Amino acid sequence: AVTVTGWLYCWGDNSGGQRGPGDHQSSSTPRMNLLMDGNEAVAVGGYHACALRSAGAVHCWGRNSYGQLGDGTAISRTMGGAPVLRDADDSLRARVIVAGYDHSCALGQDGEVFCWGANHVGQVGRLGSSESEIYANQVDLPQRAVAVTAGAYHSCALLSGGNIYCWGMNDHGQLGDGTFEGGAEPRQVEFPAETLVGSAIDVAAGWAHTCAITRAEYNIRRTLCW
């Protein structure tokens with residue numbers, strides 16, 4: 001949780017250092033991270049967490065076996081949070097941060113989508129490779145994004161035109177493209193024409209499913225899941 005004054009509190013399991021106090025002890029009550037003030041938002045994955053800091057900086061901590069901290073290493077961290085890097089010299093600036101099981105994504109200041117961490121089923125969106133991504137990888141999308149979400153092993157972005165694109169694992173159809181074939185290449189969610197759903201206005205990903213809210217004529221809104 002982030003307080004109105006910008007302090008960060010975490011509680012629960014800490015086996016990967018995801019609670020961030022410098023030890024691996026679990027806690028049944030919220031504990032303040034004294035090294036992390038000035039926070040605006042927080043996202044938690046399986047065994048890692050990321051905070052959106054003032055001016056858009058992103059810092060992550062916890063388990064880093066697959067580069068899910070995005071700091072250019074595979075070294076886990078329990079104190080504070082290392083900055084997410086686009087490469088070795090350029091820190092990521094974002095306005096939204098989300099976390100999957102062992103990957104993370106962010107919405108950039110100009111509508112770009114960046115992901116990092118485990119990529120064995122394409123959830124980071126890096127084409128041509130299934131290797132883990134230790135730096136923030138920009139996902140190739142046809143338009144700027146206005147929202148991003150991360151499931152356990154897939155990711156989705158809501159684009160400015162109202163379309164949703166997803167990538168990663170698709171064993172249960174969570175990418176919504178009418179197939180069960182996954183991969184790193186983003187593919188457009190295909191809403192059934194007969195539902196007259198209009199344009200999407202929000203999207204959220206679960207472990208192996210995804211839901212969206214759409215708006216059609218006369219401001220009729222529907223919730224669809226796949």
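1. Buried means under 20% relative accessible area, exposed means over 50%, and partly exposed lies in between, with a 1.4 Å probe and protein chains only. Met-79, at 47% relative accessibility, therefore counts as partly exposed.

2. This is a predicted model, in which local features need pLDDT of at least 70 and side-chain atom pairs count only at pLDDT 80 or more, while totals for chains, interfaces and linings use all residues. Residues are numbered from 1 along each chain as its sequence is written, and side-chain values use heavy atoms, with hydrogens and water left out.

3. Met-79 sits in strand S6, residues 77–83 (strands are DSSP runs of E, at least two residues, numbered from the N terminus). Beyond its neighbours within four places in sequence, Met-79 is in contact with Gly-20, Pro-21, Gly-22 and Leu-35, where contact means heavy atoms within 4.5 Å. Cys-60 is 19 residues away from Met-79 in sequence, and their C-alpha atoms are 9.8 Å apart.

4. His-154 belongs to strand S14, residues 154–159, and is buried, because its relative accessible area is 0%. Its side chain makes a polar contact of 2.9 Å with that of Thr-210 (a pair of N or O atoms within 3.5 Å; within protein, one must be able to donate a hydrogen and the other to accept it, and residues adjacent in sequence count only if both atoms are side-chain atoms). Leaving aside neighbours within four places in sequence, the residues in contact with His-154 include His-103, Gln-123, Trp-167 and Trp-207, as well as Thr-210.

Notes: Helices (H or I, at least four residues) and strands (E, at least two) are DSSP runs, numbered from the N terminus.
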